[in-house]
Amino acid sequence: MDKDLERRLEEFRKAASAVADDVIFKIFPMKILELQELIDSTKSPSSPFHESHGVMSTDATVYPPPDPRSSEGPETKKRKLEADDFENVSSTSALTHPNDVYFARYPNLILANQHLVKVYDRLKKECEQLADLCDKVKLWVNLSMPKIEDGDNFGVQIQEEVLTEIHRSQESAYNLRDASRQAHLNRAKICSKVIKYPHVEDYTLAMKELDEKLLYVARQNLYDIRNIYAILMDILHKNIAKIRSPKGNNQSGLY
């Protein structure tokens, strides 16, 4: 390998090691304390994660659709023509006039819960930061692994266990990051029922109950993220010597 290239790669390894040290000994402890303060603040009604915001932020009102003929309104979704439609509109005109306005079957509107949107924005940022920090530590552990050879592999096994835990934590961050998508999908199903059956009160109550549950689960996700940081920091701090030097001085204990 070219000497200049080798030198630059060595600088990259040292930089990755310095970043990992900063993450393990500074950022992880700070994130644990930061999240603990955020969790403690959820008991206050002023916190966006407080349970009182569950019902207060729910708007189950079915609003009328915007005027489809207005130039400022959104374009309505085209639907398939029914048999009765062909009595008033000929098939020829329907096919030869692309600018004709088509109406959705249920064009009414239910607004999204904007409070939950803000809560999930905060959770998504925390999950993305956790996944990014896991990447930095995982890179350092992989670069610290020695070449594959027989004997004295106890330290390497510890590194592999640490990598497994980091990978598991990163997958948890990805899953929590995806919670908002699933929440909006579940809420959309109930909203469609409210629009279709506006006189069935249970659908409205189901929407309010769902918003309460989503806010509760979002608050519990803060505990999950804090626990992930705490577990990662604990396992890394306890095994930092073996992670840094997996084959260092293992034979001294034999004599």
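Is Lys31 buried or exposed? Lys31 is buried, with a relative accessible area of 4%, where buried means under 20% relative accessible area, exposed over 50% and partly exposed in between, with a 1.4 Å probe and protein chains only. The model is a predicted one, in which local features need pLDDT of at least 70 and side-chain atom pairs count only at pLDDT 80 or more, whereas totals for chains, interfaces and linings use all residues. Residues are numbered from 1 along each chain as its sequence is written, and side-chain values use heavy atoms, with hydrogens and water left out.

Lys31 is found in helix α1, helices (H or I, at least four residues) and strands (E, at least two) being DSSP runs numbered from the N terminus. Not counting residues up to four places away in sequence, Lys31 touches Glu126, Gln129 and Tyr229, where contact means heavy atoms within 4.5 Å. Tyr229, with its neighbours within four places in sequence left aside, is in contact with Lys31 and also with Phe28, Ile32, Leu35, Glu126, Gln129, Leu130 and Leu133.

In soluble globular proteins, nonpolar side chains tend to be buried together.

The axes of α1 and α5 come within 9 Å and cross at roughly 145°, axes being lines fitted to C-alpha atoms, for helices over the stretch in contact, with angles that run from 0 to 180 degrees between N-to-C directions. Their crossing is left-handed, a term that applies if the near helix is turned anticlockwise from the far one by less than a right angle, while right-handed applies if clockwise. By class, the contact of α1 with α5 has 15 nonpolar, 2 polar and 6 charged residues; Ala, Val, Leu, Ile, Met, Phe, Trp, Tyr, Cys and Pro count as nonpolar, Asp, Glu, Lys and Arg as charged, and the others, Gly among them, as polar. On α1, Lys14 counts as exposed at 56% relative accessibility, and Lys14 and Trp140, 126 residues apart in sequence, are 9.2 Å apart in space, C-alpha to C-alpha.

Helices α6 and α8 pack at an angle of about 165°, with their axes 11 Å apart. That makes α6 roughly antiparallel to α8, since angles over 145 degrees count as roughly antiparallel, those under 35 as roughly parallel, 65 to 115 as roughly perpendicular and the rest as oblique. Helix α6 passes α8 in a left-handed crossing, and the contact is made by residues including Val162, Ile166 and Leu176 of α6 and Ile225, Ile228 and Leu236 of α8. The residues of this contact divide into 9 nonpolar, 3 polar and 2 charged.

Leu236, which lies in helix α8, is buried with a relative accessible area of 0%. The C-alpha atoms of Leu236 and Val162 are separated by 7.3 Å, although these residues are 74 apart along the chain. Leaving aside its neighbours within four places in sequence, Leu236 is in contact with Ile24, Phe28, Val137, Val162 and Ile243.

Helices α7 and α8 likewise pack at an angle of about 165°, with their axes 9 Å apart, and are therefore roughly antiparallel to each other. Helix α7 passes α8 in a left-handed crossing, in a contact whose residues include Ile190 and Val194 of α7 and Met207 and Leu210 of α8.

Away from these pairs, Tyr63 is found in the loop between α2 (53-56) and α3 (85-88) and counts as partly exposed at 30% relative accessibility. Tyr63 is in contact with Asn108, Leu109 and Leu111, its neighbours within four places in sequence left aside.

For the chain as a whole, the secondary structure comes to 9 helices and 0 strands, and of its 255 residues, 31% count as buried. Among contacts between residues at least 6 apart in sequence, 83% join residues at least 24 apart.
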